[in-house]
Amino acid sequence: MSAQDDRNPLTVVSPRSRRRKLQGRLMELLASFAALVAIVVLLVVIFSVAKRGLPAVNADLFTQVAAPFGVEGGGIKNAIVGTLIMTAMATAMAVPIGVLLAIFDTEFAPPQVSVAIRMTLNVLAGVPTIVIGIFIFGLVVVSNGQSAFAASIALAIIILPVIARATEEVLLLVPSTLREGSMALGATRARTVVSVILPSAFGGIVTATIVGVARAAGETAPILFTSSIFANAVVTDPSQPMASMPFAIFTNSESPSHHDQQVAWAAALLLMAFVLLGSITGRLLSLRTRRQIEQMR
Amino acid sequence: MTDQQDTQPSDPGDAPEVTSANPGTRLTELASGHESNPTEGRETVFQLDKVTISYSGKPAICDVDLSVHRNLVTAFIGPSGCGKTTLLRSLNRMNDLIPGASVDGRISYHGHDLNGSNVDPVELRRRIGMVFQRPNPFPKSIYDNVAYGMRLHGMKDDLDGRVERALTHAALWDEVKDRLKASALSLSGGQQQRLCIARALAIEPDVVLMDEPASALDPISTQHVEDLVESLKAEYTIIIVTHNMQQSARVADITAFFSVDVRDDGSRSGVLVEHGPTSDLFIRPSDPRTEAYVTGRFG
């Protein structure tokens with residue numbers, strides 16, 4: 001390089017700017033590392049569960065109920081059915097309430113009320129699930145005994161804030177010009193919500209529901225109090241306690257039988273696949289909805 | 001206020017003979033002073049007396065006295081922040097939707113107090129339609145966008161015919177007649193805005209309020225919208241907000257010029273400086289602020 005290049009003000013690097021550049025690079029590295037750690041943890045979990053669980057995934061797992069104590073064999077049919085029924089009931093309870101709550105909060109509530117509701121939802125989302133389990137235990141189980149119904153109430157309380165907040169987010173994304181457009185044509189607020197806002201936000205509400213379902217399916221703590229004493233048979237009566245996937249994982253993993261332990265891993269793999277699939281579907285749907293709403297701006 | 005003397009007797013039902021959207025032609029006509037006072041003999045649609053609109057107690061626009069006449073295009077012009085949109089939105093009570101907005105003074109619509117306690121804003125908005133700054137079609141089909149308001153108001157007989165008439169009125173029918181079931185979002189910006197106009201016309205309003213309807217459009221789409229405004233005034237009373245003086249000169253019979261008043265304590269609010277036939281306002285403004293604005297010295 002010639003002496004002239006050295007004097008080029010665009011290439012002169014002062015110690016100060018060199019330090020800033022270094023700091024910038026360092027921060028970038030740290031952040032990238034944190035992102036990497038999160039991904040690696042997820043991959044390790046998936047890999048290790050799949051490695052132990054896959055060999056035990058077979059037809060028996062889905063078609064056999066849990067074997068009686070001391071007998072080898074058996075599957076988790078009763079737990080799968082139980083989880084499906086309880087999750088469905090919890091979703092059926094939480095979705096209407098959560099969506100209506102979100103609509104009230106974003107479309108009708110005065111600003112102060114809406115702030116209060118959002119704070120309440122955030123607090124509710126942070127309540128440890130075992131606390132919600134013991135709450136339902138005291139409220140329902142003590143007087144009526146364990147039942148799938150009691151469990152689904154607890155699950156519904158847990159996913160209510162998830163569904164309500166996710167729905168709120170997508171309702172807020174709907175441009176206010178659409179609301180105005182509808183009101184300017186002489187529509188009432190309620191009519192505007194039903195005819196314009198909800199159809200625009202439908203994809204987002206589906207996403208919120210899927211995320212809620214995935215959450216409910218994996219919850220364990222509230223099940224302990226509300227639906228953990230059950231027969232090893234497929235139960236479809238919601239007034240009776242049902243087996244569930246999380247609880248099946250727990251009990252099978254405690255068993256001395258090698259087969260049962262295998263079943264626990266397989267059940268864990270199934271549950272994880274279900275939750276992952278739910279989250280990914282939800283994520284993709286939500287991206288699509290966002291793009292669609294973006295078009296309306 | 002500048003109420004021009006009649007320079008030439010004219011039939012009150014006779015709209016000014018402007019068919020071209022060419023600003024040059026129109027301005028030449030304005031300059032030649034061929035226009036008589038267009039408000040002559042026309043029914044008053046809106047009468048504003050000492051109207052002040054405030055947001056949370058802070059006035060956005062103060063003490064407006066103004067009348068709007070039937071089958072004319074009235075333009076609200078002025079720099080940003082002069083409250084012209086706020087005033088427009090008070091005419092179909094869209095400000096009701098904004099928490100903290102309040103109106104003082106009296107706005108009457110065909111002699112009835114617009115803000116009277118027994119006035120139903122829903123009924124009001126059926127009669128006083130609105131087109132917004134940016135096209136805001138619903139994420140529905142073209143057909144359903146136009147039919148939306150009619151379904152709301154139970155105008156269900158011959159829905160297809162009504163949709164066709166509204167789209168024809170908005171000069172959009174030929175472009176969309178083969179794809180009425182297509183999403184409104186697939187239209188271009190200019191087409192979307194004409195769809196929004198069709199949507200407003202579909203419920204057969206008396207007045208159409210337009211809030212800078214062409215500000216988000218390219219020049220050709222703007223010309224479409226302006227031509228449309230011109231052709232619609234035979235049936236509707238139109239109020240159009242614009243910060244574009246040429247647009248006002250091209251389309252408006254009456255122009256009201258608003259400006260921003262800065263008071264001693266530094267607070268700002270909009271005021272109506274003057275209003276009158278567009279030609280007067282542009283050729284012989286009576287207020288120096290109007291002159292400064294129309295000659296392009298500010299704004």
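Helices here are DSSP runs of H or I with at least four residues, strands are runs of E with at least two, and both are numbered from the N terminus. The model is predicted: local features need pLDDT of at least 70, side-chain atom pairs count only at pLDDT 80 or more, and totals for chains, interfaces and linings use all residues. Residues are numbered from 1 along each chain as its sequence is written, while chains are lettered from A and ligands numbered from 1 in the order in which they are written.

**Stop 1: chain A**

Select chain A and color by secondary structure. There are twelve helices and zero strands. The C-alpha trace spans about 90 × 65 × 35 Å along its principal axes. The radius of gyration, taken over C-alpha atoms, is 26 Å for chain A, whereas a compact globule of 297 residues would be near 19 Å. That globule rule is 2.2 Å times the number of residues to the power 0.38.

Now color by burial. A residue is buried if 20 or more other C-beta atoms lie within 10 Å of its own, exposed if 12 or fewer, and partly exposed in between, with C-beta atoms placed from the backbone. In chain A, 39% of the 297 residues count as buried.

Contacts come next. Two residues are in contact if their C-beta atoms, placed from the backbone, lie within 7 Å. Of the contacts in chain A with a separation of 6 or more, 78% join residues 24 or more positions apart.

**Stop 2**

Two packed helices are described by the angle between their axes and the distance between the axes.

Show side chains. From α11(A), the residues that meet α12(A) include A:Met245, A:Ile249 and A:Ser253. Their partners in α12(A) include A:Asp260, A:Val263 and A:Leu271. By class, this contact has ten nonpolar, three polar and one charged residues. Ala, Val, Leu, Ile, Met, Phe, Trp, Tyr, Cys and Pro count as nonpolar, Asp, Glu, Lys and Arg as charged, and the others, Gly among them, as polar.

**Stop 3: the A–B interface**

Bring in chain B. In this interface, 18 residues of chain A are in contact with 21 residues of chain B. On chain A, α8 (176–184), α9 (189–218) and α12 (258–296) each supply at least two residues of that side. Which helix gives the most? α8(A) does, with six residues. The chain A side divides into nine nonpolar, seven polar and two charged residues.

**Stop 4: B:Met130**

Center on B:Met130, in strand β6 (residues 128–131) of chain B. B:Met130 is buried, with 25 other C-beta atoms within 10 Å. Leaving aside residues up to four places away in sequence, B:Met130 touches A:Ala184, B:Asn92, B:Met94, B:Ala200 and B:Leu209.

**Stop 5: two loops of chain B**

Go to B:Asn71, in the loop between β2 (58–69) and β3 (73–77). Its phi is near 55°, positive in a residue other than glycine. Then select B:His110, between β4 (101–109) and β5 (112–113). B:His110 has a positive phi of about 50° and is not a glycine. B:His110 counts as partly exposed because it has 14 C-beta neighbours inside 10 Å.
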